[in-house]
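Colleague: I'd like to learn how to read a pocket and the ligand in it. Could you walk me through one?

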Amino acid sequence: MTTLEFVAMKQRGERIAVLTAYDYLMAGLLDEAGVDCVLVGDSLGQVVAGEESTLPVTIEQMIYHAKAVRRGIERALLVVDMPFLTYQVSVEEAIRNCGRVLQETGAQAVKLEGGHEEMARTIDRLVVSGIPVMGHLGLTPQSVHKLGGYRLVGRVEQEQERLLAEAARLVDAGCFSIVLEMLPKGLAGAITRAVPIPTIGIGAGPECDGQVLVLPDMLGLNEAFSPGFLKRYADLAAGVREAVSDYVREVKEGVYPGPEHSYE
Ligand code: KIV
């Protein structure tokens with residue numbers, strides 16, 4: 001899978017399935033199951049490290065997880081989130097940090113949040129330097145404090161116009177795809193129809209070209225998180241709890257390890 005193929009999928013009207021992953025084993029399962037793209041999201045701050053937001057995530061942490069994910073993937077496109085303050089300070093720092101992520105992890109693209117003019121200039125320079133960029137508009141979690149919380153964005157007309165303009169700007173800057181997070185479905189549909197590159201929705205309704213979910217959320221591992229847009233495809237928290245309590249009981253009762261798990 002390549003970034004060009006991603007765009008071709010939109011042209012052919014094929015929908016795109018994206019999931020996040022943070023480790024080797026899960027990445028391998030996702031790849032085998034046929035996801036088109038694996039995103040090493042900075043959501044790892046929350047779902048792996050238990051942080052309140054993505055803000056504390058560092059580039060070293062992203063590189064560590066992305067390298068593990070890379071080893072699990074044979075087919076899917078690998079995209080890595082650039083963490084807070086690794087691409088906002090200056091264009092030079094952005095090129096150095098995004099280039100480092102591509103060089104050290106083997107990822108094919110990076111994802112950056114925001115669509116204002118300065119961000120578009122940075123993205124333009126990254127793309128010119130050979131670094132493919134996935135954009136991210138709407139609820140941009142690294143700006144949670146500016147947005148005043150994790151909320152739907154784009155209800156009022158002014159915000160809708162801004163988001164349409166930002167999407168056009170990201171296209172002009174050279175993004176190969178845009179994540180649309182927490183937008184009303186009509187607005188996400190309007191953006192999707194207006195741009196030639198695939199939109200990947202999360203909490204943005206069915207009119208996007210593709211969908212992304214955070215893996216532990218859709219597997220039912222993250223029981224505390226249950227927004228309206230989320231569909232749980234499994235209940236792994238219950239499965240893990242049951243398996244671990246069976247193990248604890250069997251160890252305490254002397255049932256495990258039995259003769260069949262022992263060496264002569
Ligand atoms: O960090 C992440 O996992 C993301 C997805 C929710 C799109 O940015």
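Colleague: Which residues lie nearest the centre of the largest pocket?

Modeller: Let's start with the general idea. Rolling a probe the size of a water molecule over the atoms shows where empty space is left. In this predicted model, 29 residues line the largest pocket, and nearest its centre are Ser43, Gln46, Glu181, Val214 and Phe225. The space in that pocket comes to about 560 Å³.

Colleague: Which helix and strand each supply at least two residues of the lining?

Modeller: Look at α3 (44-47) and β6 (177-181), as each of them gives at least two residues to the lining of the largest pocket. By residue class, that lining has 13 nonpolar, seven polar and nine charged residues.

Colleague: And the ligand, which space does it take?

Modeller: The ligand takes the space of the largest pocket. Among the residues that surround the ligand are Thr20, Leu39, Gly41, Asp81, His136, Val179, Ile202 and Val212. The shell around the ligand divides into five nonpolar, four polar and three charged residues.

Colleague: Which side chains place a polar atom 3.0 Å, 2.5 Å or 2.8 Å from an oxygen atom of the ligand?

Modeller: Take them in turn, with a cut-off of 3.5 Å for a polar contact. For Asp42 the distance from a polar side-chain atom to a ligand oxygen is 3.0 Å, for Ser43 it is 2.5 Å, and for Lys111 it is 2.8 Å. As for cover, the ligand on its own has 260 Å² of accessible area, and the protein covers 96% of that.

Notes: Residues are numbered from 1 along each chain as its sequence is written. This is a predicted model: local features need pLDDT of at least 70, side-chain atom pairs count only at pLDDT 80 or more; totals for chains, interfaces and linings use all residues. Side-chain values use heavy atoms; hydrogens and water are left out. On a 1 Å grid over the protein atoms alone, a cavity is a set of points where a 1.4 Å probe fits but cannot get out, and a pocket is an open set with protein on both sides within 12 Å along at least five of seven lines; lining residues have an atom within 4 Å of a point. Grid points are joined across faces, edges and corners, and a volume is the space filled by probe spheres set on the points. Helices (H or I, at least four residues) and strands (E, at least two) are DSSP runs, numbered from the N terminus. Ala, Val, Leu, Ile, Met, Phe, Trp, Tyr, Cys and Pro count as nonpolar, Asp, Glu, Lys and Arg as charged, and the others, Gly among them, as polar. A residue is near a molecule or strand if one of its heavy atoms lies within 4 Å of it. A polar contact is a pair of N or O atoms within 3.5 Å; within protein, one must be able to donate a hydrogen and the other to accept it, and residues adjacent in sequence count only if both atoms are side-chain atoms. Accessible areas come from the Shrake-Rupley method with a 1.4 Å probe; for residues, only the protein chains shown count as cover. A molecule sits in a cavity or pocket if more than half of its atoms lie within 2 Å of its grid points.
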